[in-house]
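Welcome to this short tour of a structure. Take a moment to look at the picture, and then we will walk through it together.

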Amino acid sequence: MLSYVVRRLLYSIVVLFATSFLVFTFVSVSGDPLAALRVTPDYDPNTIKRIEEQNNLDKPIPVRYAYWLKDAVRGDFGTTLLGDRPILPDLWRVMKNTFMLVFVAEVLAVLIAVVIGVYAALRQYSAFDYSATTFSFLGLAMPVFWLALMLQVLVVTVYEATGTRLFPISSLSSIDPGTGVDFWIDRAHHLVLPVIVLMVASIATYSRYMRASMLEVVNSDYVRTARAKGLDERKVTMKHAFRNALIPLVTLVALNFGGLLGGVIVTETVFSLDGMGLYFVTSLLTNDPYPVMAWLMVTAVMIIIFNLLADIAYGILDPRVRYE
Amino acid sequence: MSERQSSDMLKATTTGGVALGSDPAAVPAGAGAELSFESGVDMKARSQWSYVRMRFLRHRLAVVSLVILLLIALVGVFAPQLAPYGYDEINLEATGQKPTLDDWHLFGTDQLGRDYLSRVMFGIRTSLWVAVMVALMATIIGTAVGAVAGYYSGQVDNLLMRVTDLFLTVPGLAVLLTASVFFGSGDPFKTGIILALLLWTAVARIVRGLFLSLREKEFVEAAKAAGAGDVRIMLRHILPNCVGPIVVFMTLIVAAAILIEAALSFLGFGIQPPNAALGGLIDDGQEQGLETWWLVTFPGLVIVLIALCINFIGDGLRDALDPTQRRMRA
């Protein structure tokens, strides 16, 4: 197991280097980040030249990659191209905010999805089962950004009709959020709608998966054996079936991290939350390659770690799985 | 004949969901009736495709979805003829109207008096066209690469798996957004290519897996012994057995492409005006304020309806193309 993990880690480092070089080339060729400055009238050409030289933009891409790599390996990802703003502090801040949002949404989504999935499997073809299936089909067919907009529309409509604002529809905090407990109550209030949006797609995916895996386990031989030896139904489902049905879900949740970030990008843009998603979109719009690179690398590292965790968790939870 | 027959039976039982009907090169036409499992019962000889059609038609939800989707597609194709107004027709006498039966403004109008029913019709046209194009491109590239990788395994396979590994380490939407900046966006065709470049890897992985298991089968060995070349084995013997999963996956790609394209266009990185796309329409509507709820609601509902229908059709196809499934679904 240990040697497997070490080998995977070493391989991951190679993959990271390959990804970073490809992405860097990709982003660098993607366009001239100084294009906007060049067409600005009265902009001093010498300043543009100075910026180019400072950032080595006049050098070939492999050389620029080497410079970038030096910054990245030292761990601070350098500064933004214009304005020389250090990237790392910004990235830390948005990561913390996004982590909070994603953590709350995923924990709630997993809990709800497990309950729905197990119950639907135990009552297969019941009204509940059909409603759950309908819900997840709907959840998977619904664009995330549209769901977010519809919730905003709902809040606005209720406000126009009754004068009460159910939930804030943008940003992470009020202008004057207060301190201590007040601050967190205000924050929670702001997070309600984004969390719901992120949860819907997750619940739709996880609950269907949970239902399928529970159905498979319930019809397996060892569950029949447990019943045959006279164990009561509650113990059979909770101890023998449920625990084993959970194993595949653990992997799915860990592997879903990359997809989740897609939802985060869209959700944070709609609700203008100061998180990773909005940071990424803003960086792309300003055509600044360095924050985009830093973002992609940080997420790549996280995705690799989550994939590894999924494999390790699988090995620990399911004794039939052995890694050489 | 008996050897062919047994290998065919074996294939049907061992490959489960993978095998689609008989290997056309190994079994002469008309052998289907002799191979049927219910012996002693006088049964009409049916081709595999008629079984598939029968099973699909029993899946009511899928059939209804197919009808609805065809209607939507027709509306898209004939948008220029059917739409009561032009896509960009400005009418300053009818600005910001709520959905109403008057003058056919069923989906309302925006601040410039543009009719949203017409805009949605043109949006369907673009979005569906892009999605189908993406699905076709991704499937063709993915099948070709996956087939070569799975059949020859070794170095080609290794390279393919490493490339798809790279794709898996960065979030898909982020790659697409970056790629849109790279290629420049706005044009439906470019957006389609960008989507296909990301999505083919998933097809390749699946086809590779199928080829990897099917190339060990006896009928491939038999074809080899009979002197068939690699290309012939891949195209005539293995590929027909992969049609089922590939078709199912292709429908799912259409749904995924619709949703991803909508998200890209909404974020401003996908299809841009003057090209109409459903995601872009929602973005347009949203910028005019949430009080005009109809501008956001209707294009979105159409997206949901399309994606829902495609998913149900995919479900029906999966059941229909799975020969191990004997139970007819009500």
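Two residues are in contact if their C-beta atoms, placed from the backbone, lie within 7 Å. Among contacts in chain B between residues at least 6 apart in sequence, 70% join residues at least 24 apart. This is a predicted model, in which local features need pLDDT of at least 70, side-chain atom pairs count only at pLDDT 80 or more, and totals for chains, interfaces and linings use all residues. Residues are numbered from 1 along each chain as its sequence is written, while chains are lettered from A and ligands numbered from 1 in the order in which they are written.

**The two chains**

- Helices (H or I, at least four residues) and strands (E, at least two) are DSSP runs, numbered from the N terminus.
- Chain A has 13 helices and zero strands, and chain B also has 13 helices and zero strands.
- Along its sequence, chain B reads α-α-α-α-α-α-α-α-α-α-α-α-α.
- The C-alpha atoms of chain A fill a box of roughly 85 × 65 × 40 Å along the principal axes.
- In chain A, 70% of the contacts between residues at least 6 apart in sequence join residues at least 24 apart.

**Buried residues**

- A residue is buried if 20 or more other C-beta atoms lie within 10 Å of its own, exposed if 12 or fewer, and partly exposed in between, with C-beta atoms placed from the backbone.
- Of the 324 residues in chain A, 33% count as buried.
- In chain B, buried residues make up 48% of the 330 residues.

**Where the chains meet**

- Across the interface, 38 residues of chain A are in contact with 30 residues of chain B.
- On the chain A side, H1, H6 (127-141), H7 (144-162), H11, H12 and H13 each supply at least two residues.
- H7(A) gives the most to that side, with eight residues.
- The chain A side divides into 29 nonpolar residues (Ala, Val, Leu, Ile, Met, Phe, Trp, Tyr, Cys and Pro), nine polar (the others, Gly among them) and no charged (Asp, Glu, Lys and Arg).

**A closer look at H7 of chain B**

- H7(B) (residues 172-183) has twelve residues and reaches 16 Å from its first C-alpha to its last.
- That is close to the expected 16 Å, where the expected span is 1.5 Å times one less than the number of residues.
- Nine of the twelve residues of H7(B) are buried, including Gly172(B), Leu173(B) and Ser180(B).
- What covers these buried residues includes H1 (2-29) and H13 (289-317) of chain A, together with H8 (188-214) and H11 (243-267) of chain B.
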